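Hi,

Here is the structure I promised to pass on. Have a look, and my notes follow below.

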Amino acid sequence: MTDPTRIGTTPSTDTVEAVVRGQLAKALGGRRGMAEAAVPTILFTVTWLTRSNLNLALSVSIGAALVLLVVRLVQRSTVQFVLNALFGIGIGWYFVYRSAQSGGSEQEQALAYFLPGLLYNGGYAVVLAFTCLIGWPLVGFMVGSITGDPTAWHQDKQVVKLCSRLTWLLVAPCLLRVAVQAPIWLAGNSGSMDPDAAVAALGVLKIALGWPLQLAALASMIWLLSRNRTPVEPDAAPA
């Protein structure tokens, strides 16, 4: 096997699978990180469905994220995932603002809140798929970030193949979200579906296809990782 990496600072990491598992755990933030990403959306959806007040729904969503941020700061733990949620809310609010400026109704503004998520998932899927198609799967760079050489992993076809499979597993949830939610969003905006019903459906689907789908993808990745032991240390041989 060629030497795809040179590990100098993490000698205890001896397989690509171990590297990727560790990096995925960091990227997702564990149960708490995923909950922090989901709570603001849940509160936005519930508030909109029960009160039909867009400003109130946005305020409750932002307020919850700020509370989570304060808790993180008091505990002196990473605020990355709360800030990610706040950033997402901020982008959603901007789209709502633009819809209001163009004369959109409150229902249209509520639908605008979900547009950034659709665009993000669509763009993310395209980028990840492109990295696989050109033979430089994104997950490979996770390996490179640990080994200190961002591209040496590409010298080993076995590592590239594994990282491609893992990257496609990250693509799948994004494609599914777009495939399910985009028709509803378009129907709500075109008037072929009641806008309130479309907002309700999008809110429920955003939650249902959020962290549960991400967990399913993660479980698939863990299963795939558990099947192989691809060495990342020089002159190592598969177990």
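Which helix gives the most residues to the lining of the largest pocket? That's H4, with ten residues. Before the rest, a word on the source: this is a predicted model, where local features need pLDDT of at least 70 and side-chain atom pairs count only at pLDDT 80 or more, while totals for chains, interfaces and linings use all residues. Residues are numbered from 1 along each chain as its sequence is written, and side-chain values use heavy atoms, with hydrogens and water left out.

Back to the pocket. It holds about 1,500 Å³ of space. A pocket here is an open set of points on a 1 Å grid over the protein atoms alone, where a 1.4 Å probe fits, with protein on both sides within 12 Å along at least five of seven lines; lining residues have an atom within 4 Å of a point. There are 46 lining residues, and Ala37, Asn84, Tyr120, Asn121 and Arg177 are the closest to the centre. Helices (DSSP runs of H or I, at least four residues) that give two or more residues include H1 (16-28), H4 (80-101) and H7 (157-190).

Now the cysteines. The search of the whole structure turned up zero disulfides, a disulfide being a pair of cysteine sulfur atoms within 2.5 Å.

Cheers

Definitions and conventions. Grid points are joined across faces, edges and corners, and a volume is the space filled by probe spheres set on the points.
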